[in-house]
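Me: I'd like to talk through a structure with you, one step at a time. Could you walk me through it?

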Protein chains: 2
Amino acid sequence: MIIVPEKEIAGLIGRAEAFEAIENIFAAMSSGAAYNFPVIREAIGHADALYGFKSGFDRSSLALGLKSGGYWPGNAERDLTNHQSTVFLFDADTGQAKAVVGGNLLTALRTAAASAVSIKHLARKDAKVLGMIGAGHQSAFQMRAAAEHRNFEKVIGWNFHPEMLSRLEETASELGLPYESVDLTQMGAEADVIISITSSFKPIFKGTQVRPGTHIACMGTDTKGKQEVDVELIAMATLFTDEVAQSATIGECQHAVADGIVSKDNINEIGAVINGTHRGRTSESEITLFDGTGVGLQDLAVASAAVDLAIKKGVAIEVDF
Amino acid sequence: MIIVPEKEIAGLIGRAEAFEAIENIFAAMSSGAAYNFPVIREAIGHADALYGFKSGFDRSSLALGLKSGGYWPGNAERDLTNHQSTVFLFDADTGQAKAVVGGNLLTALRTAAASAVSIKHLARKDAKVLGMIGAGHQSAFQMRAAAEHRNFEKVIGWNFHPEMLSRLEETASELGLPYESVDLTQMGAEADVIISITSSFKPIFKGTQVRPGTHIACMGTDTKGKQEVDVELIAMATLFTDEVAQSATIGECQHAVADGIVSKDNINEIGAVINGTHRGRTSESEITLFDGTGVGLQDLAVASAAVDLAIKKGVAIEVDF
């Protein structure tokens with residue numbers, strides 16, 4: 001059995017490797033080669049923790065396994081990440097445990113890669129202004145990944161707590177891009193691409209604020225009840241997602257589906273665009289929206305890449321198991 | 001993170017340790033301190049494999065995690081066990097991965113311990129004849145564990161394939177007990193305790209064959225459609241199980257519940273007997289039946305014991321994860 005500790009991940013897998021893994025797995029999901037198993041998510045009644053598993057199998061790469069972990073709100077006081085993740089991979093031919101991989105950085109990279117994949121395939125080619133809604137830990141990952149897929153000339157940002165906006169300014173500066181904090185009206189009026197990455201339970205950005213031609217990646221909604229944009233915006237946009245079933249139940253589209261404003265049939269797999277079976281954006285004025293819900297197969301894809309690279313670079317720990 | 005390889009398990013945990021762990025976890029389940037999460041079970045469409053997870057949390061011991069694995073029918077040709085299991089434990093205070101434990105032998109030990117716990121708490125004290133229905137790999141584990149809880153003077157056995165009965169004879173001989181192969185009528189007429197451990201999809205042993213005072217542990221039915229005894233026998237017996245929800249849906253009681261012959265309310269937790277909140281057997285003539293469905297918490301309980309013993313004996317592999 002191979003062990004790839006959390007501390008090795010940063011030296012193994014970067015944005016390019018994560019992007020390739022996520023683009024490939026979205027394509028495999030859409031072609032039917034890969035599927036996610038049901039998600040387990042439990043409030044365990046201890047340490048206020050939410051714990052669970054996301055799992056799946058990709059017949060094309062033979063990646064089989066799960067990401068286990070969850071959210072421990074008291075971890076920060078212990079100098080630990082509140083979100084804790086570990087990925088376990090199995091040999092699809094025998095069922096034997098194959099690898100244990102630290103999943104914290106991988107989760108950040110795969111989530112950033114998902115919105116980057118949507119930007120590559122759905123944003124206007126001439127997009128110049130990147131809008132960021134949300135300035136938490138994950139926002140820097142999303143911005144860095146996005147910046148590689150269009151020639152952005154400026155970043156604009158908004159956050160519920162303005163004192164955190166310095167993270168966006170610093171990240172933009174690291175990318176050599178000017179930065180400006182804006183209100184949501186200016187966000188909609190100026191941005192060509194918007195990434196929302198919040199844990200909001202009510203709509204932040206609205207259909208009345210968006211302008212034609214915008215691509216929006218909603219990356220924060222992964223639970224029943226969360227919501228980043230209003231249903232009017234969902235109704236105006238051409239909708240894409242990683243997994244339609246999750247989008248309609250726990251993703252950004254859940255409210256519009258529940259209200260009967262859109263149906264599952266209106267939500268398209270991003271993998272279909274990658275595979276060329278959906279034509280994606282069809283005009284310069286179309287509003288495209290990607291609902292990134294996060295699936296177990298993303299975790300298996302980046303963890304498999306990390307294992308291959310760890311073996312290649314000689315940092316994989318091999319245990320006779 | 002602690003690794004306890006499969007090959008170390010035999011030197012760490014025996015029947016006594018497994019029995020104690022299983023008796024304690026059944027008690028914790030009944031008192032409400034421990035609960036199992038939903039089971040994931042998938043035919044993955046590769047190598048004819050069935051793959052999945054059983055998981056849960058015990059607030060009393062803080063055991064948190066899952067057993068992952070499944071059934072790979074082609075493994076025998078590769079000199080590997082068809083059933084492959086690995087247990088993953090997490091720190092309930094932080095969510096960090098705590099241990100990876102080989103789960104093949106542990107699964108055999110915890111399944112054997114479950115029927116032994118039922119015999120300790122439900123069989124007549126004067127039971128003399130142990131009946132075994134089924135002679136596969138697991139039957140030897142069940143017989144050895146059972147033999148420690150009553151002064152059995154004889155073992156009788158039946159199997160669908162008679163050529164496999166030598167396993168029962170050899171195991172009985174190892175325990176210093178005489179052995180006889182019998183038909184099912186003689187089984188019912190002579191046995192005081194019966195363990196069925198088959199993968200049957202139709203009833204083998206019948207209500208017309210059982211005699212008063214018998215304790216029967218049905219250990220083979222863990223999936224929709226499987227069945228070891230007929231519904232008449234279920235209707236005649238006082239019913240006990242590890243987990244009522246599983247008993248009524250994927251365990252031996254599923255058919256009688258589906259037919260409306262018994263209801264969930266007729267099925268009692270074995271943990272209630274251990275805790276003294278159910279009085280168990282009430283007469284020498286009562287027929288008691290334990291439906292052992294197998295739950296994730298059993299796996300976590302024996303794996304936790306294995307980790308503690310591995311640390312104590314210096315065979316735990318510690319990896320800086």
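Here are some questions and answers on this predicted model.

Me: Happy to start with the overall picture. How many helices and strands does chain A have?
Reply: Chain A contains both kinds of element, with helices and strands counted separately. The count comes to eleven helices and 18 strands.

Me: What is the radius of gyration of chain A, and why does chain A count as compact as a globular protein of that length?
Reply: For 321 residues the globule rule gives 20 Å. The value for chain A is close to that, so the chain is as compact as a globular protein of its length. Its C-alpha atoms fill a box of roughly 60 × 40 × 40 Å along the principal axes. The radius of gyration itself is 19 Å.

Me: What share of the residues of chain A count as buried?
Reply: Buried here means under 20% relative accessible area. Applied to the 321 residues of chain A, that gives 61%.

Me: Now to chain B. Are α2(B) and α3(B) roughly parallel or roughly perpendicular?
Reply: Helix α2 spans residues 15-31 of chain B and helix α3 spans residues 104-122. Their axes come within 8 Å and cross at roughly 70°. Angles of 65 to 115 degrees count as roughly perpendicular, so α2(B) is to α3(B) roughly perpendicular.

Me: Which residues of α2(B) make the contact with α3(B)?
Reply: On the α3(B) side, the contact includes B:L109, B:A113 and B:V117. Across both helices, the contact residues divide into nine nonpolar, one polar and three charged. From α2(B) come B:A18, B:F19, B:I22, B:E23 and B:F26.

How values were computed: Residues are numbered from 1 along each chain as its sequence is written. Chains are lettered from A and ligands numbered from 1 in the order in which they are written. This is a predicted model: local features need pLDDT of at least 70, side-chain atom pairs count only at pLDDT 80 or more; totals for chains, interfaces and linings use all residues. Side-chain values use heavy atoms; hydrogens and water are left out. Axes are lines fitted to C-alpha atoms, for helices over the stretch in contact, and angles run from 0 to 180 degrees between N-to-C directions. Helices (H or I, at least four residues) and strands (E, at least two) are DSSP runs, numbered from the N terminus. Angles under 35 degrees count as roughly parallel, over 145 as roughly antiparallel, 65 to 115 as roughly perpendicular and the rest as oblique. Contact means heavy atoms within 4.5 Å. Ala, Val, Leu, Ile, Met, Phe, Trp, Tyr, Cys and Pro count as nonpolar, Asp, Glu, Lys and Arg as charged, and the others, Gly among them, as polar. The radius of gyration is taken over C-alpha atoms; the globule rule is 2.2 Å times the number of residues to the power 0.38. Buried means under 20% relative accessible area, exposed over 50%, partly exposed in between (1.4 Å probe, protein chains only).
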